[in-house]
Amino acid sequence: MLRSVIVVLMLLPCACGENPAIQVTLNDKGLQYGKHAGTDWIQEKLERVTLPDITGDVLGFIHYTLTGTRVKQCDLPEPSVQFYPDDKGIKTSISGLNIALTGGWTTHCGIIYDGGSFDMAVFSVDVASVVELGNDTNGHLSVTSVKCDAQVGSVDVQFHGGASWIFKPFVKYFKGRISMEIQMNICPTVKKIIENLEQHLQTTNVSVDLDQILTFDFPLTGSPDVNVSSLNLGFKGEFYNIKTHTEPPFEAQPFTMPDQQGYMLSVGLSEFTLNSASYALYSAGVFQAVINDSMIPPGSPVHLNTSLMGPFVPELPKMFPGLMMNLQVYAREVPMFSFQPDAVKLSFQGTIKAFAIQTNGTQTPLFKLNVDSEFSSKVWIAGGRVKGSISMDKLMRWKALQRDG
C-alpha cells in the first residue's frame with residue numbers, strides 16, 4: 001500500500017533553491033484514494049508471489065524446510081493510511097490479514113527423510129509501518145523505514161504426502177515455530193522493500209531534456225512538509241537553455257497555495273517557471289524570424305513589395321520603387337508573464353526591421369518599427385474539458401523612418 005503511494009509521489013514534478021517555483025499538495029482525500037487503488041493492486045500482486053523458503057527445527061532434532069510457498073488466497077482488509085507528522089512521513093496499518101498458502105515440505109530426522117505438500121492458513125496478521133519522507137542533496141525524494149511492528153495471530157498447517165502421519169504428533173510444535181518465523185520476517189521484509197524503493201528513487205531523473213533547446217529541472221527544494229491533513233512538496237520547476245544552462249536575471253519568489261481540502265491533489269505553478277522558459281528561449285534566439293514574400297498567401301491583398309506597401313508607408317515607393325522586401329522580427333526583451341487574480345498576462349516588446357532587396361541581392365535597411373503589446377489569457381474547465389481564451393489588452397507602436405543599419 002505504502003509503495004503505491006510513494007510511486008504516485010514519484011510521478012509528481014521537484015533549482016534546489018530557497019523558494020520552490022512549483023508546489024504540490026497531496027490532501028488526505030488523495031491519500032485515501034491511493035489507498036483504495038493500492039489495495040486492489042496489492043491483492044493482485046500477492047496472489048503471484050512466491051515466498052522465500054522457511055527452514056528450522058523442532059525439538060532440536062526434526063529439521064524441516066517449507067519451499068515454493070505461494071499465496072492461494074488473501075483476505076486483505078482495507079489498510080489504514082495516514083499522514084504522520086511525528087516522523088515527517090506516512091503511517092500504514094493493516095489489521096486482520098488472513099492468508100492461505102500452499103507449497104512443498106521436506107524434513108529429516110537423523111537418517112529419515114520425507115517430503116510432500118502442505119496447506120497453511122495464517123490468521124489475524126497485524127502490521128504497522130512508518131516511513132519517513134525526506135530529500136537528498138540532489139533533490140531526490142527519499143524514504144526511510146523508521147518503525148515497524150508485526151503480530152501473527154495463529155497458523156494452521158496441514159501436511160500431505162510422504163509419511164506425514166509420523167510428524168502429526170509434532171504439528172503443534174511446527175505451528176508455533178512457523179508462526180514465529182513468519183512474524184520475525186515481516187518487518188525485515190518491509191524494510192527491504194523500502195530500501196529497494198529508496199535505491200530506485202536515487203536513480204530517478206530530476207532533470208529532463210524536452211527538445212534540442214529546453215531542459216527542465218525539477219528537484220525537490222527541501223524536505224516534504226507533513227501535517228495531519230496533507231503532504232506538501234516544493235519543486236524547483238525551472239527551464240534552461242540546454243546549451244548554456246544559464247540562470248535568468250530573476251529569482252523565484254515565495255508564494256502560498258490556498259487550502260483545497262475538497263481536492264485530492266493541488267498543484268501551484270509560479271510565474272517564475274513560465275518566465276524561465278521564456279528566458280531560455282530568448283537566450284537561444286527563438287524569438288526572432290525573417291519573413292519574406294513567399295510566406296504570404298498569393299491571394300493576400302498585402303505583399304512585401306515597396307510599391308504595394310505605399311498605402312502604409314508612403315515614402316517607400318518614392319525612395320525604393322518596385323523592390324521586394326524582407327521583415328526581420330524579434331523580441332527586444334525577454335517576454336514576461338505575470339499572474340493576476342483573474343488572468344495570466346504576457347508583456348511582449350518586439351521590433352520589426354524592414355529591408356529592401358536590391359537587384360544585386362543586397363539588403364537596404366528601410367525602417368524599424370517597435371511594437372509593445374500585452375496579452376491576457378484565461379483558462380477554465382467546462383464540460384470535462386480544459387478551455388481557454390486570449391485577448392490583446394494593449395498595443396503600442398512607433399517607427400523610425402530613417403534608414404537604420
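Let us start at a cysteine: C148 has a relative accessibility of 28%, so this residue counts as partly exposed (buried means under 20% relative accessible area, exposed over 50%, and partly exposed in between, with a 1.4 Å probe and protein chains only). This is a predicted model, in which local features need pLDDT of at least 70, side-chain atom pairs count only at pLDDT 80 or more, and totals for chains, interfaces and linings use all residues. Residues are numbered from 1 along each chain as its sequence is written, and side-chain values use heavy atoms, with hydrogens and water left out.

C148 has a partner in C187, and the two form a disulfide with sulfur atoms 2.2 Å apart (the cut-off is a pair of cysteine sulfur atoms within 2.5 Å). The structure holds one disulfide. This pair links distant parts of the chain, since C148 sits in strand β8 (residues 141-160) and C187 in helix α3, 39 residues apart. Helices (H or I, at least four residues) and strands (E, at least two) are DSSP runs, numbered from the N terminus. The torsion about the S-S bond of C148 and C187 is about -85°, so the disulfide is left-handed. Another cysteine, C74, has 7% relative accessibility and therefore counts as buried.

Next come the aromatic rings. Rings of Phe, Tyr and Trp (its six-membered ring) pair if their centres lie within 6.5 Å; planes under 30 degrees apart count as stacked, over 60 as edge-to-face and the rest as tilted. By this rule the count comes to five aromatic pairs. In one of them, F216 and F218 are stacked, at 5.8 Å centre to centre with 25° between the planes. F216 also pairs with F239, this time in a tilted arrangement at 4.6 Å centre to centre and 40° between the planes. F216, F218 and F239 form one aromatic cluster. F216 and F218 are both buried, and F239 counts as buried because its relative accessibility is 16%.

Now for the sheets. Four strands make an open sheet in the order β11-β12-β1-β14, with antiparallel pairing. β11 (225-226) and β14 (265-269) stand at the edges with a single partner strand each, so one side of each is left without a neighbour in the sheet. Two strands pair if DSSP finds at least two bridges between them. β11 is joined to strand β12 (residues 230-235) by two bridges, and V226 has L231 in β12 as its bridge partner.

Further along, strand β18 (residues 344-357) pairs with strand β16 (residues 324-331) in the antiparallel sense over eight bridges. Strand β17 (residues 336-339) pairs with β18 in the antiparallel sense over four bridges, and a hairpin joins these two strands through four residues. β18 also runs antiparallel to strand β19 (residues 363-382), to which 14 bridges join it; here S347 has E374 as its bridge partner in β19. The hairpin of β18 and β19 has five residues between the strands, and G361 there takes a positive phi near 95°.

Two residues other than glycine deserve a look too. S124, in strand β7 (residues 112-135), has a positive phi of about 55°. H245, in the loop between β13 and β14, has a positive phi near 50°.

Finally, a word on confidence. The chain averages a pLDDT of 83, and 89% of the residues score at least 70 (pLDDT is the predictor's confidence in each residue, from 0 to 100). Over residues 1-17 pLDDT stays under 50, and the model has 55 contacts beyond four places in sequence for them.

Conventions
Contact means heavy atoms within 4.5 Å.
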